[in-house]
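Please read them with the structure open.

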Amino acid sequence: EGDDPLPPGAEIPQFNREEPVETKEEKPAAAPERPQHPKSLWERWQSMREHVRQYDEGQEEPASRNDGRPDGAPWESPEYYGFWGSFSRTLLGVLFHAPDFFRHVRCNFSLVRPIVFYVLLSLFQMLASRLWSMKALQELTMTATDPKTLAMAEALMKSMNLPLMLLVTPFFSIFQAVILAGLYHLMIRMVQPDRADFSTTLRVVCYSAAPLVFCIVPMVGSLIASVWFVAAAFIGCKFALNLSWSRTVLALLPLYILEF
């Protein structure tokens, strides 16, 4: 009954509504990973050398900072950090973050503040050494019975005139910093003259005096400060002048041997 919507003679195809079941192919079980054998000492040495080479030849960080901080060492920007802030940041940067610190040392600022930093640390070293020397001499005068020993101890105590030492130490420290920076500059100029820069080397020497704060430790403080000073100066020359490790060793090792 009703109208047929299909035209005469139309055929309706019959579809098989039973959809075939897709069978998932079973993946073969992955083979167990073989344990990696530890590298030999030669392979580890080659890997270390390659890492150092890539580090030396990689892109160096730009000398100017993009985070709003001024260029150069914090000590050279007291208007930004304040006196104690610039001094403490410089100390901690040299002692614990030497590569990053010395990488940003190269700048066009005046050399007065780096030299003042070196003078302040030299004065601190002198006062700490005088403190422990006077204490040792006082104990010697209290325990010694030999008249010659007592006379020698009293003469040494009189020679440690504090006002005279405070007057002489700044001039001696400036002379020492300039001579040491000149020797570093000469050795670097012989090895790689295109990277040698006296003002940057003088900055490195001055800021490498930060470990002199350890002179306050009795007995071993001076030894720790001396070794740390040499290490800081070595790292500073490498990163401030953008030298390779091999060039830095070739330039400064003869100087250290002569100094030793």
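**Notes on the model**

1. The charged end of Lys238 sits over the ring of Phe239, 4.9 Å from its centre. The criterion is NZ of Lys or CZ of Arg within 6 Å of the ring centre and within 35 degrees of the ring normal. Arg113 does likewise with Trp75: its charged end sits over that ring, 4.2 Å from the centre.

2. On the basis of these notes: this is a predicted model, in which local features need pLDDT of at least 70, side-chain atom pairs count only at pLDDT 80 or more, and totals for chains, interfaces and linings use all residues. Residues are numbered from 1 along each chain as its sequence is written, and side-chain values use heavy atoms, with hydrogens and water left out.

3. Overall fold. The protein has ten helices and zero strands. Helices (H or I, at least four residues) and strands (E, at least two) are DSSP runs, numbered from the N terminus. Buried residues make up 31% of the 260 residues. Buried means under 20% relative accessible area, exposed over 50%, and partly exposed in between, with a 1.4 Å probe and protein chains only. Among contacts between residues at least 6 apart in sequence, 69% join residues at least 24 apart. Contact means heavy atoms within 4.5 Å.

4. Aromatic pairs. The structure holds 15 of them. Rings of Phe, Tyr and Trp (its six-membered ring) pair if their centres lie within 6.5 Å; planes under 30 degrees apart count as stacked, over 60 as edge-to-face and the rest as tilted. Take Phe101 and Tyr207: their ring centres are 5.7 Å apart and their planes stand at 85 degrees, so this pair is edge-to-face. Phe101 lies in helix H4 (residues 98–103) and Tyr207 in helix H8 (residues 198–207), so the pair ties together parts 106 residues apart in sequence. Phe101 is buried, at 7% relative accessible area. Tyr207 is buried too, at 0%.

5. The aromatic cluster. Ring pairs link Trp75, Phe83, Trp84, Phe87, Phe101, Phe102, Phe117 and Tyr207. Trp75 is also the ring under the charged end of Arg113.

6. Is H8 enclosed or open? Eight of its ten residues are buried, so H8 is largely enclosed by the rest of the structure. The buried residues are Thr200, Thr201, Leu202, Arg203, Val204, Val205, Cys206 and Tyr207. Their cover includes helix H3 (83–96), H4, H5, H7 and H9.

7. Thr200, in H8, deserves a look. Its relative accessibility is 1%, so Thr200 counts as buried. Leaving aside neighbours within four places in sequence, Thr200 is in contact with Arg106, Ala240 and Leu241.

8. The loop between H8 and H9. Phe214 lies here. At 22% relative accessibility, Phe214 counts as partly exposed. Not counting residues up to four places away in sequence, Phe214 touches Leu95, Gly221, Ile224 and Trp228. Met219 is exposed, with a relative accessible area of 83%.

9. Backbone points to check. Which residues have a positive phi without being glycine? Met219 has a phi of about 70 degrees. Asn242 has a phi of about 55 degrees. Asn242 belongs to the loop between H9 and H10 and is partly exposed, at 32% relative accessible area.

10. The largest pocket. About 370 Å³ of space lies in it. A pocket is an open set of points on a 1 Å grid over the protein atoms alone, where a 1.4 Å probe fits, with protein on both sides within 12 Å along at least five of seven lines; lining residues have an atom within 4 Å of a point. Grid points are joined across faces, edges and corners, and the volume is the space filled by probe spheres set on the points.

11. The pocket lining. It has 16 residues, of which Tyr118, Gln125, Gln176, Leu212 and Phe229 lie nearest the pocket centre. Helices H5 (112–143), H7 (162–191), H9 (221–240) and H10 (245–259) each supply at least two lining residues. The largest share, five residues, comes from H7. By class, the lining has nine nonpolar, six polar and one charged residues. Ala, Val, Leu, Ile, Met, Phe, Trp, Tyr, Cys and Pro count as nonpolar, Asp, Glu, Lys and Arg as charged, and the others, Gly among them, as polar.
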